[in-house]
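Here's a quick tour of the model, going from the overall layout down to a few individual residues. Have the viewer open as you read.

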Amino acid sequence: MSILVGIDVQAIDEVEASIKEFGARYTHRLFTDDEIASCGDGPGAASGFAGRFAAKEAVLKILESNEIGPRWKSIEVRRSLGGRPEVALHGAAAEIARSQGIEEIFLSISLGGGIASATVIAQVTQGRIGARQWAT
Amino acid sequence: MGDVTVTIRDVLEAHGRLLVSLSNLSDDDDLFENGLTSHASVNVMLAIEDAFDVEFPDSLLTKSTFESIKALREALESMGVEAPSD
């Protein structure tokens with residue numbers, strides 16, 4: 001078994017400016033309906049979206065792909081019942097994770113100083129196709 | 001096609017958050033090496049869609065599409081853009 005680590009940061013004010021300029025076109029291009037509902041449209045929305053964007057980028061780093069578009073929404077950030085952020089992969093992102101033997105991804109998001117940061121740690125079992133978390 | 005390049009440069013000036021002046025970049029220079037982030041790429045994509053009334057298909061949403069002004073121009077050409085939107 002091996003471990004992969006990905007990290008990314010995102011300025012919250014940049015996300016706020018994008019939402020202000022592009023509105024729903026911006027959010028719907030990057031985030032799933034559940035993510036959009038989870039972030040809401042209140043004063044903390046930009047922080048929520050920034051954390052999720054950083055998480056998606058951190059996951060993209062461990063998936064080792066140069067694609068920057070279609071898999072934004074195939075990498076979804078969810079909250080566990082206890083409130084802990086989790087990563088759910090769909091479609092192309094799930095396929096890549098399976099092909100790389102990634103069994104599970106653990107996520108932590110932090111907000112502060114106008115920055116959202118995300119760290120992901122992936123558990124990789126070489127030579128084995130992981131199917132536990134990436135069913136669809 | 002020159003006017004398309006001008007519009008791309010205007011979009012990058014407004015949304016690219018590059019670390020250098022556009023006037024110092026050639027059409028072939030790597031935008032990511034000059035400060036373009038993934039998030040800024042999203043804004044560039046949306047602003048270009050507005051400027052040219054197009055929508056980038058999933059097949060063009062790769063890092064290579066946004067790596068240079070030339071690459072963006074070629075992407076627009078592949079979407080049928082031949083004249084400036086104004």
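## Chain A at a glance

Reading from the N terminus, chain A runs β-α-α-α-α-β-β-α-β-β. That gives five helices and five strands in total. Keep in mind that this is a predicted model.

How much of chain A is buried? Of its 136 residues, 41% fall in the buried class. As for contacts, take the pairs in chain A that sit at least 6 apart in sequence: 66% of them join residues at least 24 apart.

## The nonpolar core

The largest nonpolar core has 57 residues, and the ones touching the most other members are A:Ala55, A:Val59, A:Val87 and A:Val120. Helix α4 of chain A (residues 45-63) supplies the largest share of this core, with eleven residues. As background, nonpolar side chains in soluble globular proteins tend to be buried together.

Which residues does A:Val120 contact once its neighbours within four places in sequence are left aside? The list is A:Gly6, A:Ala55, A:Ala58, A:Val59, A:Ile62, A:Val87, A:Ile105, A:Phe106 and A:Leu107. Notice that A:Ala55, A:Val59 and A:Val87 turn up here, and they are also named with A:Val120 among the core residues that touch the most other members.

## Where α1 meets α4 in chain A

Helix α1 of chain A (residues 12-22) also packs against α4(A): their axes come within 8 Å and cross at roughly 110 degrees. Angles from 65 to 115 degrees count as roughly perpendicular, so α1(A) and α4(A) get that label. The crossing of these two helices is right-handed.

On the α1(A) side, the contact is made by A:Ile12, A:Val15, A:Glu16 and A:Ile19, while α4(A) brings A:Ala46, A:Ser47, A:Phe49, A:Ala50 and A:Phe53. Sorted by class, the contact of α1(A) with α4(A) has seven nonpolar residues, one polar and one charged.

## Chain B against chain A

Now for the interface. Eleven residues of chain B are in contact with 15 residues of chain A. What classes make up the side of chain B that touches chain A? There are three nonpolar, six polar and two charged residues on that side.

## A lysine in chain B

B:Lys70 belongs to helix α3 of chain B, which spans residues 69-78.

Not counting residues up to four places away in sequence, B:Lys70 touches B:Asp27 and B:Asp28. B:Leu60 is ten residues from B:Lys70 along the chain, and their C-alpha atoms are separated by 14 Å.

## Two positive phi angles

Most residues other than glycine have a negative phi. B:Arg17 is not a glycine, yet its phi is positive, at about 50 degrees. B:Arg17 sits in the loop between α1 (2-15) and α2 (38-52) of chain B. With 16 other C-beta atoms within 10 Å, B:Arg17 is partly exposed.

B:Asp53 also has a positive phi, near 55 degrees. You'll find B:Asp53 in the loop between α2 and α3 of chain B. Why does B:Asp53 count as exposed? Because B:Asp53 has 8 C-beta neighbours inside 10 Å, and 12 or fewer puts a residue in the exposed class.

How values were computed. Residues are numbered from 1 along each chain as its sequence is written. Chains are lettered from A and ligands numbered from 1 in the order in which they are written. This is a predicted model: local features need pLDDT of at least 70, side-chain atom pairs count only at pLDDT 80 or more; totals for chains, interfaces and linings use all residues. A nonpolar core is a set of buried Ala, Val, Leu, Ile, Met, Phe, Trp, Tyr and Cys residues joined through C-beta atoms within 7 Å. A residue is buried if 20 or more other C-beta atoms lie within 10 Å of its own, exposed if 12 or fewer, and partly exposed in between; C-beta atoms are placed from the backbone. Helices (H or I, at least four residues) and strands (E, at least two) are DSSP runs, numbered from the N terminus. Two residues are in contact if their C-beta atoms, placed from the backbone, lie within 7 Å. Ala, Val, Leu, Ile, Met, Phe, Trp, Tyr, Cys and Pro count as nonpolar, Asp, Glu, Lys and Arg as charged, and the others, Gly among them, as polar. Axes are lines fitted to C-alpha atoms, for helices over the stretch in contact, and angles run from 0 to 180 degrees between N-to-C directions. Angles under 35 degrees count as roughly parallel, over 145 as roughly antiparallel, 65 to 115 as roughly perpendicular and the rest as oblique. A crossing is left-handed if the near helix is turned anticlockwise from the far one by less than a right angle, and right-handed if clockwise.
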